[in-house]
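These are my notebook entries on one structure. I set down what I looked up, entry by entry.

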Amino acid sequence: MVTRSARKDREPAEQLPVARVCVDVPLAHLDRPFDYLVESADDQVARPGVRVKVRFAGQLVGGFLLERVESSPHTGKLAYLEKIVSPEQVLDPEVARLARAVADRYAGNLCDVLRLAVPPRHARVETQAPKALPNAADQEPATGEDETELDTGPEIESETRPEAGREIEREAGPETGPEAEREAGPETGPEAEREAGPEIEAGTEIELETGPETEREIGAESGSGRKGAVEVAPGEGWGAYTAGAAFLRGLSEGRALRAVWGALPGEDWARRIAEAAAATVRAGRGVVIVVADARDLDRMDRALGEALGSGQHVALNAALGPAERYRRFLQASRHQVPVVVGTRAAMWAPASKLGLVVIWDDGDDLHAEPRSPYPHAREVLLTRAQLSDCAALVAGFARTGEAQLLLETGWAKEISAPRDTLRLRSPAIAPTGDDPQLARDPGAATARLPSLAWQAARQALQHDTPVLVQVPRRGYLPNTACAECRTPARCPHCSGSLGLAGARDVPTCHWCGRAAAAYSCPNCGSRRLRASVTGARRTAEELGRAFPGATIRTSGRDEVLDHVPGEAAVVVATPGAEPTAEGGYGAVLLLDTWALLTRADLRAAEETMRRWLNAAALARSDGRVVVVADGGLATVQALLRWDPGWFAARELAERRELGFPPAVRMASVTGKAEAVAELLSAAKLPDGAELLGPVPADDEQERMLVRVNRGRAAEMAHALHEASGVRSARKAALPVRIEVDPAALF
DNA sequence: TCAATCCGTATC
DNA sequence: ATACGGATTGAC
């Protein structure tokens, strides 16, 4: 114990003797930096971003050194930093700013967010891993032969109209978004949030033309042979999309373009994203890509290897052990690679001169972090793009309400394919019509497979192509819908969904608890309701029996297949576990759709659409997709036309009407009744905040929802955080869980 | 009048 | 958790 035994002899550093530290204490009232003195011996290592140990209220706690300053406003005596854990600057200043903004948005603590953002240290790895080259980050990225060949085919005059690049900058550049101010002080509380991240005033919605108009806005093909310019062949790759080539060009010029990309069916999306990454790297900037699961990550990882060559990217996988995880994190942190790809946690990856953030399939619920303060990868990445003034790409086959909002407010621009391209690339998609439960085919071995589906599958098998059968998993919440027209039953008062506790019960709102005795369907006027839980258990094997002699494969929770060969086989998969097929599926069958469409979830329709599109996208362009549902339903219509944009606009409009996110901001407060009441009474909620509930939750707890318009979102989060600060300062024993943008609303 | 003790609150 | 300050108590 030689180190600090000579306590009396400690002298503060000459320059910037004060260190501002975020202590690892998850109490809301302590969510601010604390100042410590830096001992002169530590002067060189006590740099921003290092892990430290400090004495805090008598205890030794961990923390991050946020910054070095000349003096402290603290009137009392400052303690010294007890220890610099390591000189490794694991908390990048850009990430620190982001973390603060995210903590504010989600009414959470900075230290909680930092626990998500910075992986646990692994001392051995730190010393073993190669040290950073002084300028590894700034090296000129490789160009030429080992880059993806974007310029395929002969020189053809681009089809995108040659409008000035200036136009793009004005329209899509960050300076004209609803948040014109780029300097969003991350610690300035409520005001900051409206600027950081795509917080958009409800009143500022701008109608934008889609389709050809967008082309003029982002679409700009200069045609110049400028150095670093990206050439994209028309009709291929990004060239198949209106504004696609221009987006890529913008990235290669280092511009902060923001786009929502709807991928064509059959698209090699990972390759497209890898090309976008390569273009950004060419501009000398870094890239962060987030995908939902390990399968998508593998695919993205391979695509990046092909597009960038070796040593240009690192994959951060949740499944990695602590050592490997930290090793790869350090590669990013030390700026040894310009591109980072990974699942959720990769959204925090440090990058040198961040140029682009990408999220693939942002509707996947795996993008929602389950640990406090429950941030969503899309929101984190968009906030990051906003704060760091870099490009953003929100991508998927489907489009979420949130992505639609980005387009409607003008924060981002649309990248999608023109209708004729879509027609060429789409499989034939057809509904079986009417109630799936009743659609039975005498020729099929199981009575549950409608004939159209069965025929499409048979045909595909005869052509020696695989068939994908998507079957949702069971276990959705009991809920009600109109017995006549199947419109989900909603509470007339607050638009929560109506549930039936028992068969003879009066339908009761899942949100506000009000009974809706006089309920009648707003669509058809019927007063009869039916429970919409699915009773039928249908295993994959059972379904496979419809095709005697065919090879049956399953892919689901227990065992997920990555890829199947391009030969006759029936592949039964649950949503999200669909393997890709060599050359694409000859037929894709979407079954048990009733269960999906009537789920007691605000996002039921959106989620259904997403699952269908993700499965249908795996079909060959000359293949067939059969959805076992009524073709009159809007969700089905959107699928048939492959129009996720239309669907998302419709969804968003409906949510505006009902007062649902993302048209409004909601937060849930869950805990014992008295604790919830205590917190809410302490919260100085903004004007116009609505309280919904209480509704019972698990474990004798209850849940309240707070609803405000988007312009008040930051104030609401601030108020809730402050209120939990009052409680934590009082050592309130009963825990309360605050969730902004709760994953499930009821 | 002063020390011992209790309680609430801040934690640098 | 622990440390500290202010209030309270009780003995001289």
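I took a polar contact to be a pair of N or O atoms within 3.5 Å; within protein, one atom must be able to donate a hydrogen and the other to accept it, and residues adjacent in sequence count only if both atoms are side-chain atoms. The model is predicted, so I used local features only at pLDDT of at least 70 and side-chain atom pairs only at pLDDT 80 or more, while totals for chains, interfaces and linings use all residues. Residues are numbered from 1 along each chain as its sequence is written, chains are lettered from A and ligands numbered from 1 in the order in which they are written, and side-chain values use heavy atoms, with hydrogens and water left out.

**Entry 1: DNA strand C**

I looked up the residues near this strand, where near means that a heavy atom of the residue lies within 4 Å of it. Ala 57, Gln 59 and Lys 731 surround DNA strand C. Of the atoms of DNA strand C within 4 Å of the protein, 38% belong to sugar and phosphate. I noted that a base nitrogen of DNA strand C lies 3.5 Å from a backbone N or O atom of Ala 57.

**Entry 2: DNA strand B**

I found 14 residues around DNA strand B, the closest being His 29, Leu 30, Asp 35, Ala 57 and Ala 79. Sugar and phosphate make up 42% of the atoms of DNA strand B that come within 4 Å of the protein. I then went through the polar contacts. An N or O atom in the side chain of Arg 32 is 3.0 Å from a base nitrogen of DNA strand B. A polar backbone atom of Ala 79 is 2.3 Å from a sugar or linking oxygen of DNA strand B.

Which element gives the most to the surface near DNA strand B? I found that S2 does, with three residues. Strand S2 (34-37) and strand S3 (51-56) each supply at least two residues there. Helices (H or I, at least four residues) and strands (E, at least two) are DSSP runs numbered from the N terminus. Ala, Val, Leu, Ile, Met, Phe, Trp, Tyr, Cys and Pro count as nonpolar, Asp, Glu, Lys and Arg as charged, and the others, Gly among them, as polar.

**Entry 3: H17 and H19**

I checked helix H17 (residues 604-616) against helix H19 (residues 644-658): their axes come within 11 Å and cross at roughly 170°. Axes are lines fitted to C-alpha atoms, for helices over the stretch in contact, and angles run from 0 to 180 degrees between N-to-C directions. H17 and H19 are therefore roughly antiparallel, a term for angles over 145 degrees. Ala 605, Glu 606, Met 609 and Leu 613 in H17 meet Pro 644, Phe 647, Glu 651 and Arg 655 in H19, contact meaning heavy atoms within 4.5 Å. The residues of this contact comprise five nonpolar, no polar and three charged.

**Entry 4: Gly 250**

Gly 250 sits in helix H7 (residues 244-252). I recorded Gly 250 as buried, with a relative accessible area of 1%; buried means under 20% relative accessible area (1.4 Å probe, protein chains only). Apart from neighbours within four places in sequence, Gly 250 contacts Arg 255 and Leu 257.

Methods
Angles under 35 degrees count as roughly parallel, over 145 as roughly antiparallel, 65 to 115 as roughly perpendicular and the rest as oblique. Buried means under 20% relative accessible area, exposed over 50%, partly exposed in between (1.4 Å probe, protein chains only).
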